[in-house]
Amino acid sequence: MQEVRRPSDLECAFYGGLFDATGSLRVSLNHGRFWQARVAIRHRASAARLREVYGGALAASGWEVKRYGAVACFLQDILPYVIEKHSLIEAVLARFSSRASVGDGAVLVADLARLRRVAVDGACLPQAGSRRCSWDGCTRAACSRGLCGRHYQQARLSGTLAVRRRRAARSFSYRRVPTQRELAYAGGFFDGCGSVRFVATRPQVAFARSHGGSLLHLWSIYGGSLSLRRNVERQQLIWRLTAREASIAFLRDVLPFVVEKREEVARVLAEFSPSKREEGSAADHPDEGRSDADLGTCT
Ligand SMILES: [Zn+2]
(Lines give C-alpha, C1' and ligand atoms only; values in the text may rest on other atoms or scores of the structure.)
Protein backbone atom coordinates (compact mmCIF):
# COMPACT_ATOMS: atom_id res chain seq x y z
CA MET A 1 0.00 0.00 0.00
CA GLN A 2 1.17 3.48 -0.87
CA GLU A 3 2.43 5.58 2.02
CA VAL A 4 0.54 8.85 2.41
CA ARG A 5 2.09 11.74 4.27
CA ARG A 6 0.02 12.76 7.28
CA PRO A 7 -1.04 16.41 7.11
CA SER A 8 1.08 18.67 9.29
CA ASP A 9 -0.37 20.94 11.99
CA LEU A 10 -0.17 23.91 9.62
CA GLU A 11 -1.92 21.95 6.90
CA CYS A 12 -4.68 20.97 9.33
CA ALA A 13 -5.01 24.63 10.37
CA PHE A 14 -5.30 25.57 6.70
CA TYR A 15 -8.04 22.95 6.21
CA GLY A 16 -9.73 24.29 9.34
CA GLY A 17 -9.91 27.74 7.74
CA LEU A 18 -11.01 26.25 4.46
CA PHE A 19 -13.73 24.21 6.15
CA ASP A 20 -15.01 27.28 8.01
CA ALA A 21 -15.09 29.22 4.76
CA THR A 22 -16.52 26.76 2.25
CA GLY A 23 -17.08 23.46 4.00
CA SER A 24 -20.29 21.74 4.92
CA LEU A 25 -21.13 18.94 7.32
CA ARG A 26 -24.46 17.23 6.67
CA VAL A 27 -26.06 14.33 8.41
CA SER A 28 -28.68 12.26 6.69
CA LEU A 29 -30.91 9.47 7.92
CA ASN A 30 -31.04 6.17 6.10
CA HIS A 31 -34.39 4.43 6.44
CA GLY A 32 -35.01 6.54 9.53
CA ARG A 33 -32.56 4.43 11.51
CA PHE A 34 -28.94 4.92 10.59
CA TRP A 35 -27.33 8.25 10.19
CA GLN A 36 -24.54 9.10 7.88
CA ALA A 37 -22.30 12.17 7.94
CA ARG A 38 -21.01 13.80 4.79
CA VAL A 39 -18.23 16.37 4.64
CA ALA A 40 -17.81 18.53 1.55
CA ILE A 41 -15.36 21.34 0.78
CA ARG A 42 -15.93 23.60 -2.18
CA HIS A 43 -12.33 24.29 -3.07
CA ARG A 44 -10.99 22.75 -6.23
CA ALA A 45 -7.34 23.60 -5.66
CA SER A 46 -7.17 21.52 -2.46
CA ALA A 47 -9.47 18.70 -3.55
CA ALA A 48 -6.76 16.40 -4.92
CA ARG A 49 -4.61 16.68 -1.80
CA LEU A 50 -7.60 16.10 0.50
CA ARG A 51 -8.55 13.02 -1.46
CA GLU A 52 -5.00 11.72 -1.29
CA VAL A 53 -5.02 11.97 2.50
CA TYR A 54 -8.59 11.14 3.48
CA GLY A 55 -10.01 9.33 0.48
CA GLY A 56 -13.47 10.35 -0.67
CA ALA A 57 -14.42 11.66 -4.06
CA LEU A 58 -13.72 14.63 -6.29
CA ALA A 59 -16.97 16.44 -7.03
CA ALA A 60 -17.52 19.17 -9.59
CA SER A 61 -17.21 21.84 -6.93
CA GLY A 62 -14.47 20.28 -4.81
CA TRP A 63 -14.07 17.33 -2.49
CA GLU A 64 -16.45 15.22 -0.45
CA VAL A 65 -16.23 12.21 1.80
CA LYS A 66 -18.85 9.97 3.40
CA ARG A 67 -16.99 7.01 4.80
CA TYR A 68 -17.46 6.85 8.56
CA GLY A 69 -13.78 6.55 9.50
CA ALA A 70 -12.60 9.15 7.00
CA VAL A 71 -15.17 11.71 8.15
CA ALA A 72 -14.22 11.16 11.79
CA CYS A 73 -10.51 11.36 11.01
CA PHE A 74 -10.84 14.58 9.03
CA LEU A 75 -13.04 16.20 11.69
CA GLN A 76 -10.61 15.20 14.45
CA ASP A 77 -7.71 16.72 12.53
CA ILE A 78 -9.30 20.11 11.96
CA LEU A 79 -11.26 20.44 15.22
CA PRO A 80 -8.52 22.33 17.14
CA TYR A 81 -8.47 25.07 14.50
CA VAL A 82 -12.06 25.46 13.37
CA ILE A 83 -13.93 28.45 14.80
CA GLU A 84 -17.29 28.97 13.09
CA LYS A 85 -18.23 25.33 12.74
CA HIS A 86 -16.63 24.11 15.96
CA SER A 87 -19.88 23.24 17.71
CA LEU A 88 -21.18 21.43 14.62
CA ILE A 89 -18.11 19.19 14.52
CA GLU A 90 -18.24 18.58 18.26
CA ALA A 91 -21.87 17.47 18.02
CA VAL A 92 -21.08 14.97 15.27
CA LEU A 93 -17.92 13.63 16.90
CA ALA A 94 -19.73 13.20 20.22
CA ARG A 95 -22.35 11.14 18.41
CA PHE A 96 -19.66 9.07 16.69
CA SER A 97 -18.09 8.13 20.01
CA SER A 98 -21.38 7.54 21.85
CA ARG A 99 -22.36 4.74 19.44
CA ALA A 100 -25.99 5.72 19.84
CA SER A 101 -28.00 4.37 16.96
CA VAL A 102 -31.71 3.79 16.54
CA GLY A 103 -33.83 6.92 16.68
CA ASP A 104 -30.94 9.14 17.70
CA GLY A 105 -30.21 10.11 14.12
CA ALA A 106 -33.28 12.36 14.04
CA VAL A 107 -32.15 14.12 17.23
CA LEU A 108 -28.71 14.74 15.74
CA VAL A 109 -30.16 16.11 12.50
CA ALA A 110 -32.32 18.53 14.52
CA ASP A 111 -29.33 19.51 16.70
CA LEU A 112 -27.17 20.27 13.69
CA ALA A 113 -29.89 22.32 12.02
CA ARG A 114 -30.16 24.39 15.21
CA LEU A 115 -26.37 24.88 15.44
CA ARG A 116 -26.26 25.97 11.82
CA ARG A 117 -28.81 28.72 12.33
CA VAL A 118 -26.44 31.14 14.02
CA ALA A 119 -26.95 34.72 12.95
CA VAL A 120 -24.85 37.76 13.68
CA ASP A 121 -26.32 40.88 15.25
CA GLY A 122 -25.14 44.22 16.58
CA ALA A 123 -24.17 42.65 19.91
CA CYS A 124 -21.18 40.94 18.29
CA LEU A 125 -19.55 44.20 17.19
CA PRO A 126 -16.72 44.67 19.68
CA GLN A 127 -16.15 48.40 19.36
CA ALA A 128 -19.79 49.34 19.84
CA GLY A 129 -20.03 51.63 22.84
CA SER A 130 -16.29 51.86 23.37
CA ARG A 131 -15.46 54.28 20.58
CA ARG A 132 -16.94 57.49 21.86
CA CYS A 133 -15.91 61.01 20.97
CA SER A 134 -12.92 61.93 23.12
CA TRP A 135 -14.07 65.56 23.45
CA ASP A 136 -14.88 66.45 27.08
CA GLY A 137 -18.53 65.78 27.84
CA CYS A 138 -19.44 64.58 24.33
CA THR A 139 -21.26 61.24 24.15
CA ARG A 140 -21.58 60.80 20.40
CA ALA A 141 -19.85 58.02 18.48
CA ALA A 142 -16.38 58.81 17.20
CA CYS A 143 -16.00 58.81 13.44
CA SER A 144 -12.60 60.36 12.75
CA ARG A 145 -9.42 60.68 14.83
CA GLY A 146 -11.39 59.65 17.92
CA LEU A 147 -13.79 62.59 17.55
CA CYS A 148 -17.38 62.89 16.43
CA GLY A 149 -18.11 64.74 13.19
CA ARG A 150 -18.83 68.09 14.85
CA HIS A 151 -15.81 68.10 17.13
CA TYR A 152 -13.56 66.88 14.35
CA GLN A 153 -14.57 69.90 12.26
CA GLN A 154 -14.14 72.19 15.26
CA ALA A 155 -10.66 70.84 15.99
CA ARG A 156 -9.66 71.01 12.36
CA LEU A 157 -10.80 74.61 11.89
CA SER A 158 -9.09 75.78 15.07
CA GLY A 159 -5.89 74.09 13.96
CA THR A 160 -5.50 71.99 17.10
CA LEU A 161 -5.67 68.73 15.19
CA ALA A 162 -2.21 67.31 14.78
CA VAL A 163 -1.70 66.55 11.10
CA ARG A 164 0.19 63.31 10.66
CA ARG A 165 2.31 62.91 7.59
CA ARG A 166 0.86 60.45 5.15
CA ARG A 167 3.83 58.15 5.34
CA ALA A 168 3.64 58.02 9.13
CA ALA A 169 -0.02 57.08 8.95
CA ARG A 170 0.89 54.12 6.76
CA SER A 171 2.58 51.96 9.34
CA PHE A 172 0.82 48.81 10.50
CA SER A 173 1.04 47.00 13.81
CA TYR A 174 -0.79 43.89 14.93
CA ARG A 175 -3.37 44.18 17.66
CA ARG A 176 -2.04 40.81 18.78
CA VAL A 177 0.83 38.95 17.15
CA PRO A 178 -0.56 35.84 15.42
CA THR A 179 0.88 32.33 15.62
CA GLN A 180 1.86 30.35 12.50
CA ARG A 181 -1.25 28.21 12.94
CA GLU A 182 -3.46 31.26 13.06
CA LEU A 183 -1.85 32.45 9.84
CA ALA A 184 -2.43 29.05 8.22
CA TYR A 185 -6.05 29.23 9.34
CA ALA A 186 -6.32 32.77 7.93
CA GLY A 187 -4.81 31.48 4.67
CA GLY A 188 -7.45 28.75 4.36
CA PHE A 189 -10.23 31.10 5.31
CA PHE A 190 -9.08 33.74 2.83
CA ASP A 191 -8.61 31.16 0.08
CA GLY A 192 -12.15 29.96 0.67
CA CYS A 193 -14.19 33.12 1.05
CA GLY A 194 -11.98 36.20 1.18
CA SER A 195 -11.58 38.84 -1.47
CA VAL A 196 -9.11 41.52 -2.36
CA ARG A 197 -10.08 44.42 -4.54
CA PHE A 198 -8.86 47.86 -5.32
CA VAL A 199 -10.55 50.83 -3.70
CA ALA A 200 -9.10 54.13 -4.88
CA THR A 201 -5.90 52.30 -5.98
CA ARG A 202 -5.45 50.73 -2.54
CA PRO A 203 -5.76 46.98 -2.03
CA GLN A 204 -8.60 46.19 0.35
CA VAL A 205 -9.12 42.77 1.90
CA ALA A 206 -12.76 42.04 2.71
CA PHE A 207 -14.91 39.20 4.05
CA ALA A 208 -18.66 38.85 4.48
CA ARG A 209 -20.08 36.13 6.73
CA SER A 210 -23.36 35.36 8.39
CA HIS A 211 -21.46 33.87 11.34
CA GLY A 212 -19.23 36.22 13.31
CA GLY A 213 -16.70 33.83 14.93
CA SER A 214 -13.89 33.76 12.40
CA LEU A 215 -14.11 37.42 11.45
CA LEU A 216 -13.97 38.54 15.08
CA HIS A 217 -10.94 36.30 15.53
CA LEU A 218 -9.16 37.82 12.54
CA TRP A 219 -10.20 41.29 13.66
CA SER A 220 -8.55 40.63 17.04
CA ILE A 221 -5.27 40.19 15.15
CA TYR A 222 -5.42 42.74 12.33
CA GLY A 223 -7.97 45.31 13.45
CA GLY A 224 -9.83 46.89 10.56
CA SER A 225 -13.49 47.76 10.36
CA LEU A 226 -16.48 45.60 11.22
CA SER A 227 -19.96 46.43 10.05
CA LEU A 228 -23.32 44.76 9.61
CA ARG A 229 -25.14 44.46 6.33
CA ARG A 230 -28.68 43.29 5.83
CA ASN A 231 -28.66 40.75 3.05
CA VAL A 232 -31.77 39.43 1.28
CA GLU A 233 -31.77 36.31 3.47
CA ARG A 234 -29.94 37.23 6.64
CA GLN A 235 -27.72 39.70 8.40
CA GLN A 236 -24.05 39.58 7.45
CA LEU A 237 -20.95 40.73 9.23
CA ILE A 238 -18.46 42.52 7.00
CA TRP A 239 -14.81 42.76 7.96
CA ARG A 240 -12.60 45.07 5.92
CA LEU A 241 -8.98 46.02 6.15
CA THR A 242 -9.38 49.60 5.05
CA ALA A 243 -5.80 50.70 5.69
CA ARG A 244 -3.49 49.86 2.82
CA GLU A 245 -0.65 48.69 5.07
CA ALA A 246 -3.00 46.38 6.98
CA SER A 247 -4.20 44.75 3.75
CA ILE A 248 -0.62 44.29 2.58
CA ALA A 249 0.40 42.80 5.94
CA PHE A 250 -2.52 40.37 5.79
CA LEU A 251 -1.77 39.32 2.21
CA ARG A 252 1.92 38.87 2.99
CA ASP A 253 1.01 36.69 5.99
CA VAL A 254 -1.34 34.40 4.07
CA LEU A 255 0.77 34.12 0.89
CA PRO A 256 2.70 30.99 2.00
CA PHE A 257 -0.58 29.15 2.62
CA VAL A 258 -3.06 30.14 -0.06
CA VAL A 259 -3.43 27.84 -3.06
CA GLU A 260 -6.28 29.03 -5.24
CA LYS A 261 -5.66 32.76 -4.77
CA ARG A 262 -1.87 32.53 -4.70
CA GLU A 263 -1.32 34.22 -8.06
CA GLU A 264 -3.76 36.98 -7.26
CA VAL A 265 -2.16 37.67 -3.86
CA ALA A 266 1.36 37.56 -5.29
CA ARG A 267 0.38 40.02 -7.99
CA VAL A 268 -1.08 42.51 -5.51
CA LEU A 269 2.01 42.22 -3.31
CA ALA A 270 4.33 42.71 -6.29
CA GLU A 271 2.38 45.81 -7.19
CA PHE A 272 2.89 47.25 -3.73
CA SER A 273 6.39 46.02 -2.97
CA PRO A 274 8.51 48.43 -0.89
CA SER A 275 10.77 49.28 -3.82
CA LYS A 276 7.84 50.46 -5.90
CA ARG A 277 6.37 52.42 -3.02
CA GLU A 278 9.57 54.43 -2.71
CA GLU A 279 9.10 55.70 -6.24
CA GLY A 280 5.89 57.51 -5.42
CA SER A 281 2.23 57.03 -4.72
CA ALA A 282 0.25 54.30 -6.41
CA ALA A 283 -1.69 56.90 -8.36
CA ASP A 284 1.22 57.66 -10.68
CA HIS A 285 2.07 54.04 -11.21
CA PRO A 286 1.74 53.17 -14.91
CA ASP A 287 0.30 49.69 -14.28
CA GLU A 288 -2.37 50.93 -11.94
CA GLY A 289 -5.22 50.94 -14.45
CA ARG A 290 -4.52 47.37 -15.53
CA SER A 291 -4.49 45.85 -12.07
CA ASP A 292 -7.67 47.72 -11.20
CA ALA A 293 -9.51 46.11 -14.08
CA ASP A 294 -8.01 42.66 -13.60
CA LEU A 295 -8.63 42.36 -9.90
CA GLY A 296 -12.06 43.91 -9.93
CA THR A 297 -13.43 40.66 -11.36
CA CYS A 298 -11.94 38.50 -8.63
CA THR A 299 -14.06 39.80 -5.78
ZN1 LIG B 1 -17.94 65.01 20.07
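1. Before we start, one term: two strands count as paired if DSSP finds at least two bridges between them. Keep that in mind for Ser-227, whose bridge partner in strand E8 is Ile-238. Also remember that what you're looking at is a predicted model.

2. E7 and E8 are antiparallel and share six bridges.

3. Four strands make an open sheet here, in the order E5-E6-E8-E7, and their pairing is antiparallel. Which strands stand at the edges? They are E5 (195-199) and E7 (225-230); each has a single partner strand, so one side of each has no neighbour in the sheet. From one strand to the next, the twist averages 30 degrees.

4. On to E6 (residues 202-209) and E8 (residues 235-241), which pair in the antiparallel sense over five bridges. Arg-209 has Leu-237 in E8 as its bridge partner, and Ala-206 has Arg-240 in E8.

5. Helix H10 (residues 244-254) lies across E5, E6 and E8, and runs at about 70 degrees to E6.

6. There's another sheet to look at. It is open, with four strands in the order E1-E2-E4-E3 and antiparallel pairing. Strands E1 (23-30) and E3 (57-58) are at its edges with a single partner strand each, which means that one side of each is left without a neighbour in the sheet.

7. E3 is a handy place to check the pairing by eye. Two bridges join E3 to strand E4 (residues 63-65), and the two run antiparallel. Ala-57 stands opposite Glu-64 in E4. Helix H2 (residues 44-54) lies across strand E2 (34-41), E3 and E4, at about 25 degrees to E4.

8. Next, a pair of helices. For helix H1 (residues 9-22) and helix H8 (residues 180-193), the axes come within 7 Å and cross at roughly 35 degrees. The crossing of H1 and H8 is right-handed.

9. What do H1 and H8 bring to that contact? From H1 come residues including Leu-10, Phe-14, Tyr-15 and Leu-18, while H8 gives residues including Arg-181, Tyr-185, Phe-189 and Cys-193. By class, the contact of H1 with H8 has 11 nonpolar, seven polar and four charged residues.

10. Last stop: helix H11 (residues 262-271). Which residues of H11 are buried? Val-265, Val-268 and Glu-271 are. Because these residues cover an arc of only 125 degrees around the axis, they are on the same side of H11.

Key: Residues are numbered from 1 along each chain as its sequence is written. This is a predicted model: local features need pLDDT of at least 70, side-chain atom pairs count only at pLDDT 80 or more; totals for chains, interfaces and linings use all residues. Two residues are in contact if their C-beta atoms, placed from the backbone, lie within 7 Å. Axes are lines fitted to C-alpha atoms, for helices over the stretch in contact, and angles run from 0 to 180 degrees between N-to-C directions. A crossing is left-handed if the near helix is turned anticlockwise from the far one by less than a right angle, and right-handed if clockwise. Ala, Val, Leu, Ile, Met, Phe, Trp, Tyr, Cys and Pro count as nonpolar, Asp, Glu, Lys and Arg as charged, and the others, Gly among them, as polar. A residue is buried if 20 or more other C-beta atoms lie within 10 Å of its own, exposed if 12 or fewer, and partly exposed in between; C-beta atoms are placed from the backbone. The arc is that of the directions from the helix axis to the C-beta atoms.
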